[in-house]
Amino acid sequence: MKELGSGKKKRLSRIFKGDGRTVIIPMDHGVSLGPVQGLVNMQETVDKLAKGDVDAIVVHKGIARTVNTGSIGLIVHLSASTRLGPDPNRKVKVCSVEEALRLGADAVSLHINVGAPSEHEMLMKLGDVADECDSLGLPLLAMMYPRGPSVSSEYDPEMVAFAARIGAELGADIIKTNYTGSVETFQRVVRSCPVPVIIAGGPKAKTERDVLEATYGSIKAGGAGVSIGRNVFQHDNPTGMTKALSAIVHRGATVEEALKLLGETS
């Protein structure tokens with residue numbers, strides 16, 4: 001495991017529970033997609049997630065200035081692109097590590113698309129930001145996705161393991177990446193990455209069960225939690241969905257138990 005300084009350890013303790021796992025809800029989609037359902041009133045959504053015992057949220061700097069996160073861990077996202085641009089996979093840096101620290105961040109995050117034509121630019125930023133984070137004692141979450149012309153499937157276990165390992169090699173403290181679809185294949189990802197790995201939620205799923213089964217499988221494989229956005233903040237019951245995820249991640253609940261909890265939570 002990566003040796004962490006005292007500053008990083010203290011900040012990570014606000015994001016990870018004592019069990020070494022976390023439930024993070026990313027809400028940085030306002031830049032990439034616009035003010036979609038669930039992100040129109042950010043404070044209202046944050047309050048609903050807080051009731052669901054979320055561990056941390058991911059937002060851009062402007063939102064970090066305006067919402068009250070209370071005791072929720074705050075992760076400020078440093079990179080962005082929009083769906084309207086000529087190359088949405090090219091993520092550019094839009095916030096500095098120092099600015100995030102001034103905003104009260106417990107960690108920062110960067111999005112890297114491995115295999116994109118602009119991969120080299122994003123990897124350079126990852127290396128530089130990792131160095132800054134080490135200097136300032138701020139944890140770095142790297143969102144590592146195999147995504148580009150040479151990637152046939154973003155969920156291919158070999159590609160996902162490769163992307164995750166790159167993030168760890170270049171200094172990230174936490175890796176967020178795609179779930180590969182089974183416990184066995186995701187174990188290969190986790191075992192080949194020397195820092196905690198959490199799974200992304202991806203596009204809006206067809207059913208709640210799909211999301212909860214992926215969460216359960218990732219934890220069985222040794223994953224450290226989830227970072228699921230649209231399948232939570234666009235859910236009819238964000239509080240209940242967060243509680244269901246937390247039950248699996250932190251209390252070892254089954255999918256059926258989590259579904260029952262979701263049904264009981266309003």
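1. Burial is expressed here through relative accessible area: a residue is buried under 20%, exposed over 50% and partly exposed in between, with a 1.4 Å probe and protein chains only. By this criterion Lys10, at 55% relative accessibility, counts as exposed. Lys10 is found in helix α1, where helices (H or I, at least four residues) and strands (E, at least two) are DSSP runs numbered from the N terminus. From C-alpha to C-alpha, Lys10 and Glu98 are 17 Å apart in space, with a separation of 88 residues in sequence.

2. On the basis of the note: this is a predicted model, in which local features need pLDDT of at least 70 and side-chain atom pairs count only at pLDDT 80 or more, while totals for chains, interfaces and linings use all residues. Residues are numbered from 1 along each chain as its sequence is written, and side-chain values use heavy atoms, with hydrogens and water left out.

3. Helix α8 spans residues 183-191, and its buried residues are Thr185, Phe186, Val189 and Val190. These residues lie on the same side of α8 because they cover an arc of only 145° around the axis, the arc being that of the directions from the helix axis to the C-beta atoms. An α-helix has 3.6 residues a turn, so residues three or four places apart point the same way. Glu184 and Arg191 are exposed on the other side of α8. The cover over the buried residues of α8 includes α7 (157-169), β8 (174-177), β9 (197-200) and α9 (208-220).

4. The largest nonpolar core has 71 residues; a nonpolar core is a set of buried Ala, Val, Leu, Ile, Met, Phe, Trp, Tyr and Cys residues joined through side-chain atoms within 4.5 Å. The residues with the most contacts inside this core are Met27, Leu78, Met144, Ile175 and Leu212. A second, separate core of 15 residues includes Ile15, Val58, Ile75 and Ala224. In soluble globular proteins, nonpolar side chains tend to be buried together.

5. With its neighbours within four places in sequence left aside, Leu78 is in contact with residues including Val92, Val94, Cys95, Val97, Val108, Leu110 and Val129, contact meaning heavy atoms within 4.5 Å. Lys93, Ser96 and Ser109 are also among the residues that Leu78 contacts.

6. The structure holds 0 disulfides, a disulfide being a pair of cysteine sulfur atoms within 2.5 Å. For Cys133, which is in no disulfide, the nearest cysteine sulfur is that of Cys95, 11 Å away. Cys193 is likewise in no disulfide, and its nearest cysteine sulfur, that of Cys133, is 16 Å away. Cys133 counts as buried at 0% relative accessibility, and Cys193 counts as buried at 7%.

7. The largest pocket holds about 580 Å³ of space. A pocket is defined on a 1 Å grid over the protein atoms alone, as an open set of points where a 1.4 Å probe fits, with protein on both sides within 12 Å along at least five of seven lines; lining residues have an atom within 4 Å of a point. Grid points are joined across faces, edges and corners, and the volume is the space filled by probe spheres set on the points. Of the 32 lining residues, His29, Ser32, His111, Arg147 and Arg230 are the closest to the centre of the pocket. Two or more residues of the lining come from each of α2 (29-32), β4 (79-80), β6 (107-114) and β7 (140-146). Helix α2 gives the most, with 3 residues.

8. Asp53 should be noted for its backbone: although not a glycine, Asp53 has a positive phi of about 65°. Asp53 is placed in the loop between α3 (42-51) and β2 (56-59), and is partly exposed, with a relative accessible area of 41%.

9. Three further sites are recorded for reference. Ser13 lies in the loop between α1 (6-12) and β1 (22-26) and counts as partly exposed at 49% relative accessibility. The C-alpha atoms of Ser13 and Ser109 are separated by 16 Å, the two residues being 96 residues apart along the chain. Asp156, in the loop between β7 and α7, is partly exposed with a relative accessible area of 28%. Asp131 is found in helix α6 (residues 119-136) and is exposed, with a relative accessible area of 51%.
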